[in-house]
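This report looks at side-chain contacts and strand pairing, and begins with a salt bridge and the exposure of its partners.

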Amino acid sequence: MASEVLEVQPKPMTRYRVRTGMFAWMLHRLTGLALVGYLILHVWGLKSMTDPDAYNYLITKYHGPLFKLGEFLLLGAVIYHALNGLRIVLIDFVGWSPNQKKLFWTLGAVAAVLFVVGGYPSIAALVDFLRS
Amino acid sequence: MNITVKIKRFDPEKDDAARWESYSVEADKMDRALDVLMDIKWHHDGSLTFRKSCAHGVCGSDAMKINGENKLACSVLLQDLVKEGGTLTFEPLPAASVIKDLVVDQSGFFEKYRAVMPWLINDSPAPEKERYQSAEDHEIIEEATKCILCGACTHSCPSTWADPDYLGPAALLKAYRYVFDTRDEESEERLKIVDSPNGLWKCYTIFNCVQACPKEIDITRWLSALKRKAVTTRF
């Protein structure tokens with residue numbers, strides 16, 4: 001028998017059952033990346049501020065249905081990222097770890113309310129667009 | 001009840017990669033997951049390899065991935081895992097090299113354990129009887145002392161999957177157990193070890209470790225306490 005030991009090496013990613021905690025973390029990462037992506041787009045849009053024509057053109061684009069949908073998603077990402085961030089702060093700084101699941105669903109309910117209230121103008125604009 | 005058992009197998013002498021093998025097994029709903037493995041080894045396929053010793057949740061030998069999440073095979077009952085005619089899956093712990101079938105290389109896990117100096121450090125002269133610890137003082141570390149070092153937590157952590165050098169929940173919990181031990185005098189050195197790029201700050205409160213722990217230790221809670229201690233201590 002050869003002295004070389006053959007082994008199956010570990011992988012950096014693995015299929016694993018997703019429970020509340022890991023779901024919250026994955027969504028936090030995803031929304032975090034989405035917000036960074038948005039920030040780049042936002043700063044890129046700002047550079048047209050020096051040229052009135054380009055600025056007006058961009059603003060009309062921002063009123064389009066795709067951007068209204070994007071606004072809606074952005075709101076969702078901001079709300080989730082902020083509230084889950086608060087959840088992590090409560091867990092790490094206050095020691096609320098035993099209540100982490102309840103905390104997730106409670107903040108989820110708060111997020112849903114904020115999402116509906118804050119997202120209303122975007123939905124209304126989208127509905128108007130689809131009607132016309 | 002009759003169930004199908006799928007096991008991720010790997011024989012270093014025959015296989016180039018891991019492969020799934022299925023067995024049809026007759027079992028009782030009150031059987032432990034470990035009983036199913038032993039039944040397969042004894043009556044179906046003697047080449048099946050897994051680690052077990054006490055079989056009563058004390059030695060921590062048989063941590064493995066059961067139905068997609070890490071559990072201690074001797075501490076879970078079939079009725080909580082699978083229904084009549086259902087499928088039960090066994091895989092080795094993730095984030096560790098597989099030596100054979102369900103046996104993983106634990107050397108990395110124990111290296112991390114040793115890195116946090118898991119022993120009592122107290123250089124003052126020993127008293128005649130014992131280094132006394134009051135019940136209240138013990139209460140602080142009580143839950144953390146229940147760890148059996150099975151490795152279910154560390155191998156369930158996405159931070160460990162991504163970075164094999166991350167100390168991981170088991171070692172960090174052990175660090176908590178000694179840093180918060182009122183008899184220990186060397187918590188500063190230990191805090192320096194855990195307050196490092198491969199230490200505490202890779203804990204993103206994902207809670208897979210808490211879910212996996214067969215002793216139901218709220219690991220994240222104690223790691224958070226250790227984080228607070230690390231940021232409030234001046235070195």
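The model is a predicted one, and in it the side chain of B:D15 meets that of B:R19 in a salt bridge with an N to O distance of 3.0 Å.

Over all chains the structure holds 18 salt bridges. One of them is formed by the side chains of B:R9 and B:D45, at 2.7 Å from N to O. Because B:R9 lies in strand β1 of chain B, while B:D45 lies in the loop between α1 (33-44) and β3 (63-66) of that chain, the pair ties together parts that are 36 residues apart in sequence. B:R9 counts as buried at 3% relative accessibility, and B:D45 is buried as well, with a relative accessible area of 16%.

A further salt bridge links B:R177 with B:D181, whose closest N and O atoms are 2.9 Å apart. B:R177 is buried with a relative accessible area of 12%, and B:D181 counts as buried at 2% relative accessibility. Elsewhere, salt bridges with shared partners join B:R9, B:D15, B:R19, B:E21, B:D45 and B:D101 into one network.

## Strand β1 of chain B and its neighbours

Strand β1 of chain B, residues 2-9, has a covered face made of B:I3, B:V5, B:I7 and B:R9, and an uncovered face made of B:N2, B:T4, B:K6 and B:K8. β1(B) pairs with strand β2 (residues 19-26) of chain B in the antiparallel sense, over 8 bridges, and here B:I3 stands opposite B:V25 in β2(B). β1(B) is also joined by 4 bridges to strand β5 (residues 87-91) of chain B, with the two strands running parallel, and B:T4 stands opposite B:T87 in β5(B).

B:K6, which belongs to the uncovered face of β1(B), has its charged end over the ring of B:W20, 4.8 Å from the ring centre. In another contact of this kind, B:K229 lies over the face of B:F180, at 5.6 Å from the ring centre.

## Aromatic pairs

The count of aromatic pairs over all chains comes to 9. In one of them, the rings of A:Y62 and A:F67 have their centres 4.9 Å apart and their planes at 55°, so the pair is tilted. A:Y62 counts as partly exposed at 28% relative accessibility, and A:F67 counts as partly exposed at 34%. B:F110 and B:Y113, by contrast, form an edge-to-face pair, with 6.1 Å from centre to centre and 85° between the planes. These two residues are 3 apart in helix α2 (residues 107-115) of chain B, which means that they are separated by about one helical turn. B:F110 is partly exposed at 25% relative accessibility, whereas B:Y113 is buried, with a relative accessible area of 19%.

Ring pairs also link A:F23, A:F104 and A:W105 into a cluster.

## A nonpolar patch on chain A

A:F67 also belongs to a nonpolar surface patch, formed with A:L41, A:W44 and A:L66, and together these residues have about 450 Å² of accessible area. The elements that give two or more residues to the patch are α1 (20-46) and α3 (65-94) of chain A, and A:W44 lies in helix α1 of chain A.

Technical notes:
Residues numbered from 1 in each chain as written. Chains lettered and ligands numbered in written order. Predicted model: local features only at pLDDT ≥ 70, side-chain atom pairs only at ≥ 80, totals over all residues. Heavy atoms only, no water. Phe/Tyr/Trp six-rings, centres within 6.5 Å; stacked < 30°, edge-to-face > 60°. Buried < 20%, exposed > 50% of the residue type's maximum accessible area, 1.4 Å probe, protein only. Lys NZ or Arg CZ within 6 Å of the ring centre and 35° of its normal. Pairing = 2+ DSSP bridges. Patch = residues over 30% accessible without salt bridge, like charges linked within 9 Å, V, L, I, M, F, W, Y side chains within 5 Å. Areas by Shrake-Rupley, 256 points an atom, 1.4 Å probe, with all protein chains shown as cover. Salt bridge = Lys/Arg side-chain N within 4 Å of Asp/Glu carboxyl O.
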